[in-house]
Amino acid sequence: MNFSSKQCCSHVCHKVGIKGHNIFRSLAQTFKMLKVAQVLLICSLVGATNALYKQWIPDTNYENKTNWDKGKVPCGSDTVQFSSQRKVSVFVETTHAVQEMVLPMDGELILNSGAGFYVVSGQDPDCGAGVRTEFKHADLLQWFNPALWQAAATLNDLQDGHFLFSVHEESVPCQQDDVVFKALSSFRVDTSSSQTTIPVKSVSVLGKVFDSKSEFSEYLSSQSGLLQFHGSSSVTVGNPSCGDATGCDCGNSVNHERICSTVTCGTLSCEKPLLPIGHCCEVCGAIIVIHYSDSFNLENYRGRIRHLFLSLPKYESIQLAMSKILKPQRLMGIIPFGSSPEIQVVILDGETGKLSEALAQDMIKDIKSHGSNLGIAGAEIQPAREPGSNTGTVVGAVFGVLLVVALIVIVVVLLHKGIVQMPSMPSMPSMPSMPSLSRFRRNTDVDDLDGATDRGFDNPIFDKPDMLNNISDLYSTDSISMTQTGVHFINPAYDENETDFTI
Ligand SMILES: *[C@@H]1O[C@H](CO)[C@@H](O)[C@H](O)[C@H]1NC(C)=O
């Protein structure tokens, strides 16, 4: 078995190779050899406009108890098991006592500065009777799962936990976003999608920011890269940042199905749910559609709303998502013809939506008095759908009405030109060329639906923002494997000057 480890600091790297058995009973000696990886702090990316930071939530860290099947970090009496067939990159932050460790076939342990393992002989009094504890695998965690990301406007906000709420499509990194994997952390993410690439502006891994396409693709093919990213598509960096102050389209609508397949919609507590564009579930709340002009600045407006309204105690429970969307346009409300960019503000209060409606009214008032200074040409509160109506029946009804109207016009024209004669009287109720008047009447009644229905099809589908729900499920699928071929300790950032030791 080959067991190798590399640690790198900004100037020196050491590689430790170990040939041995798959079970190490005396790890103390082995791990004493390991020098510590010095992990760089994230360099701040400044000057990005209208892009967000999207941080991957799960990790594959040794110290995170959710990563262990027994729900606790192993201690000195425990036998640590990485299952042989699973690939994983594990970040170890501090020093740990173990009784025994079973290593995987393909995996790596990334040791933080000062981290390591030592073996306790016999039972560790601080640990009690030992158990065999296994590291859970993270193979099922998908890039396109909106519950696994958190968004923030700046890196500081990310660190301080000031996260932004987004519709599902935008919870997943957009093409102009900076993607962050936590600095003192490793991870495993499935990047499968129907597209060949997942373009983003930059990706930071273990504190190193990648914004050059070639450098990142080189990283992806490195040992760590292969363990951290798997799946059919590859993430590419170097996509331009959003240069438009009015905002940019996220670009995730191509992945709508995939994103929504991971989302479970909750039950709604309101009568008239809404369907925000880019969201997977219906929501109770309010939607404002803003028509902007060239002087609109999305970032500034978001800040204005935050300071003016969201900071008020009465709006404490509000979640507000603001983004540029491409709203599908329909000729006469039916025939799709392109899309127009608008700003969509989705306001949720987690309850009936009454509080959201109040905030929406406040925002409209603000726009009425200051709109021209804010670059806002107009705004309206999107009306709720009537209960029970849905897009399919709406479109069907509108189509039906139009067809009937067209038929009437044709018949009237034909009658007028004398091409078709009016039937002589009640004797022929249903001539094939001319449906009966009673049928017309019945059909045109559908017209009443028009108003109600028309509002309905602006939006996709969606639910409440309890996005973290399925994380625990994903984590509970256990059995991870690593086997004894190679455990590599790699600091991806710097691996020149490697020194080999063999034990
Ligand atoms: C541990 O992992 C869980 C699930 O991925 C994550 O939500 C949590 O933030 C992690 N804990 C720490 C301390 O990072």
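**Surface, strands and spaces in a predicted model**

The protein chain exposes about 23,100 Å², and carbon and sulfur atoms supply 54% of that area (Shrake-Rupley method, 1.4 Å probe; for residues, only the protein chains shown count as cover). This is a predicted model, where local features need pLDDT of at least 70 and side-chain atom pairs count only at pLDDT 80 or more, while totals for chains, interfaces and linings use all residues. Residues are numbered from 1 along each chain as its sequence is written, and side-chain values use heavy atoms, with hydrogens and water left out.

User: What share of the 503 residues in the protein chain counts as buried?
Analyst: The cut-offs first: buried means under 20% relative accessible area, exposed means over 50%, and partly exposed is in between, with a 1.4 Å probe and protein chains only. For the 503 residues of the protein chain, the buried share is 49%.

User: How many helices and strands does the protein chain have?
Analyst: Both are DSSP runs numbered from the N terminus: H or I over at least four residues for helices, E over at least two for strands. On that basis, the protein chain has 12 helices and 27 strands.

User: Why is strand β21 described as largely enclosed by the rest of the structure?
Analyst: Strand β21 covers residues 285-292. It is largely enclosed because the buried residues make up 6 of the 8.

User: In β24, which residue is the bridge partner of Ile290?
Analyst: Strands pair if DSSP finds at least two bridges between them. β21 pairs antiparallel with β23 (residues 335-348) over 6 bridges, and in β23 the partner of Ile287 is Val346. β21 also runs antiparallel to β24 (residues 376-381), joined by 5 bridges. There, the partner of Ile290 is Ala379.

User: Is Leu206 buried or exposed?
Analyst: Leu206 is found in the loop between β16 (202-205) and β17 (208-210). Its phi is near 50°, a positive value in a residue other than glycine. Since its relative accessibility is 7%, Leu206 counts as buried.

User: Leaving aside neighbours within four places in sequence, which residues is Thr197 in contact with?
Analyst: Thr197 lies in strand β15 (residues 197-199) and counts as partly exposed because its relative accessibility is 33%. Thr236 is 39 residues away from Thr197 in sequence, but their C-alpha atoms are 6.4 Å apart. Taking contact as heavy atoms within 4.5 Å, Thr197 touches Ser233, Ser234 and Thr236.

User: Which element gives the largest share of the lining of the largest pocket?
Analyst: The largest pocket has a volume of about 900 Å³, and of its 44 lining residues, the closest to the centre are Ala151, Phe163, Leu164, Phe165 and Ser166. The elements that give two or more residues are β12 (149-152), α3 (168-171), α7 (298-310) and β22 (319-331). The largest share, 6 residues, comes from β22.

User: What is the volume of the second largest cavity?
Analyst: On a 1 Å grid over the protein atoms alone, a cavity is a set of points where a 1.4 Å probe fits but cannot get out, while a pocket is an open set with protein on both sides within 12 Å along at least five of seven lines; lining residues have an atom within 4 Å of a point. Points join across faces, edges and corners, and volume is the space filled by probe spheres set on them. The lining of the second largest cavity includes Trp56, Asp59 and Phe187. Its volume is about 30 Å³.
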